Amino acid sequence: MATEEPERPELPLPQLHAFAVLAEELHFGHAAARLGIAQPPLSQQIRRLEAKVGHPLLTRTPGRIALTPAGHALLPAARHALDALADGLAAARAVATGRTGTLRIGFAASLALTVLPGLLRTHREHYPDVHLDIREMTTAPQLAALHAGTIDIGLLREPPDDDPALAFRTILTEPFVAVLPTTHPLAAHRTVPLRDLADSPFVLLPREAGPGLHDRITALCATAGFTPRVTQEAVEWQTVCALVEAGLGVSLAPTSIRRIRLKGTAFRPVTPATEHTRAAVAWRRDDPNPLVSNLLASISRKTG
């Protein structure tokens, strides 16, 4: 059995507003001035409201206005309704302009060593009431999450060139470095010729975690005349470096990975230094979310 909707009285907000102001001023002339109207329209508003209520809300005697018991009873509800509407309008405007809400951001772990902290700091300075839901993810899961709508923004490595549903903007380019155990003979050199890594086992991110970056690294090796012999894989760069430190192989990584400081790991520029890795921000092309637009503006402030 369907429940009946409660009776909702039709009380125009202008009438409630006029009543609340008049209840504060207890003077038609002063209340009319505050409302920016003449006294006759104010009197008409009050009479119409009294007709809706079915009882007088004010007593009118020469030189004096006072609330009736019915007026005293209505005043708190009128103020609450006006305040609730003002709060609702403010909340709607804040959401519509991206000044509040939750923004879901995926990020590659290596970007926490470079652009991420400054970007988040800049964004929070301009939009302190926006909640940031930050999720550490490699590139492939970020792309899948963007398509599924479970994140709004991706900060990733080597975006694809053929994804019409997503838009990308480069935020960082950096060269590669060789990641070596400090016991490796090449660790004593200031730079490492790529071809000298040909006989070493490699520790790399699995291709399914970040196809673009994996392919860029293998292409870099190919230009030096070899295919890397991958003997260990790890999803996170921290783990890659730890496995290198343990002597399980060498790696090639973005320069920013040097900020992972492990005592037994050395980072050396490689030659020729012709290839760079690209980090980008990614978002859905048709996403109207103002939170996304505002973050892109924060990125422009940070990188512009």
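**Salt bridges in the predicted model**

At 41% relative accessibility, Arg 207 counts as partly exposed, a term used here for values between buried (under 20% relative accessible area) and exposed (over 50%), with a 1.4 Å probe and protein chains only. The structure is a predicted model, in which local features need pLDDT of at least 70 and side-chain atom pairs count only at pLDDT 80 or more, while totals for chains, interfaces and linings use all residues. Residues are numbered from 1 along each chain as its sequence is written, and side-chain values use heavy atoms, with hydrogens and water left out.

Side chains of opposite charge can pair when their charged atoms come close. A salt bridge is counted when a side-chain nitrogen of Lys or Arg lies within 4 Å of a carboxyl oxygen of Asp or Glu, and this rule gives 12 salt bridges. One of them joins Arg 207 to Asp 215, at 2.7 Å from N to O; Asp 215 is also partly exposed, at 29%. Another links Arg 135 with Asp 133, whose closest N and O atoms are 2.8 Å apart. Here Arg 135 is partly exposed at 28%, and Asp 133 is partly exposed at 23%.

A further salt bridge pairs Arg 79 with Glu 24, with 3.9 Å between the closest N and O atoms. Arg 79 belongs to helix α4 (residues 69-96) and Glu 24 to helix α1 (residues 13-25), so this pair ties together parts that are 55 residues apart in sequence. Helices are DSSP runs (H or I, at least four residues), numbered from the N terminus. Arg 79 has a relative accessible area of 34% and Glu 24 one of 43%. Both residues also belong to a network of salt bridges that links Glu 24, Glu 25, Arg 34 and Arg 79.

Key: Helix = DSSP H or I, 4+ residues; strand = E, 2+ residues; numbered from the N terminus.
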